[in-house]
Amino acid sequence: MPTHDEIYQKVQATLVDALGVDEEDVTKDATLQGDLGAESIDFLDIVFRLERNFGIKIPRGELFPENVVTDPDMIKDGKLTAKGLDELKARMPYADLGEFAANPDVERIGDLYTVDMLVQYVSSKLAA
Amino acid sequence: MRWIWIDKFLEFRSGKFARAIKNLTLAEEHLHDHYPGYPVMPASLIIEGLAQTGGILVGEAGGFVEKVVLAKIPRAEFFGVACAGDQLVYEVTLTDLRAEGAVVEAKAFLEGELLADVEIFFAHLDNSRANQIFGPKNFVFTQQLLGVLDLAKAQSRAKEAEALAVSSTSPAPVNGQSHEAPPS
């Protein structure tokens, strides 16, 4: 089982290849879309590369869930309700929702996809 | 002009590998513009040929049920140029295939030397969504392009029939280059 740092370095290399970014930009708290410029099609590319580089299987929607918030009860005034936050926690157990929960604006959901989230996800897969 | 950037399949192993050729001729308009007096195949069209070879490989692996589009080219390296009169050989290996899309490693060779090394990423589009956003002309494989694969199948069947006819009349081995048969 590789160390946390080893996983981070490999995730870093994965994102350098997938997104064509510089290694120094791939910090742990960098967001995939906002900071690293990932577009929707890049998410699938990242999934392919993580599978190949770590020898893991990533079922569809497990790392990057689709249609997380579909129920109208989960959103009010552009923000997630308590029910919406619970759903998000359940669907994205590897994301750090601490700061997001204080201002659960739906527009900020994309910011939950960080480099560290990928590291946490891969760590859990390798430990399983 | 037809948007077909491969001339013929030499080999087609379902879900694994495809080899196709592209002959460059001065009858192609683009060579006169790229560049005047120095006709070389544009790198983007070499990538297109590799993507057509790979797109058919990916599409065929799913029985052409999925609509396949070229989604991304994460890496493309070129080591030379191809001129009028040259024949490019495209070799494409399917490295990843899943419900959402596929990745291929694609290489172009000129006289046995590596000319281009490209990674191509294809996405599978949901049928209903695809119909709204893309017309059939946007797809990696059109009916015209699929005709190249059909032709290879027909040629392969003809060769098999010929080999069978020769072997039934003579015990001598059949001469000539052997190609692995495309799926029938």
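Analyst: Read along the sequence, chain A runs α-α-β-β-α-α-α. That makes five helices and two strands. Here helices are DSSP runs of H or I with at least four residues, strands are runs of E with at least two, and both are numbered from the N terminus.

This is a predicted model: local features need pLDDT of at least 70, side-chain atom pairs count only at pLDDT 80 or more, and totals for chains, interfaces and linings use all residues. Residues are numbered from 1 along each chain as its sequence is written, while chains are lettered from A and ligands numbered from 1 in the order in which they are written.

Now the overall form. The C-alpha trace of chain A spans about 40 × 30 × 25 Å along its principal axes.

Next, contacts. Two residues are in contact if their C-beta atoms, placed from the backbone, lie within 7 Å. Among contacts in chain A between residues at least 6 apart in sequence, 55% join residues at least 24 apart.

Finally, the partner. Seven residues of chain A are in contact with ten residues of chain B. On the chain B side, strands S3 (67-78), S5 (101-110) and S6 (113-125) each supply at least two residues. S3(B) gives the most, with three.
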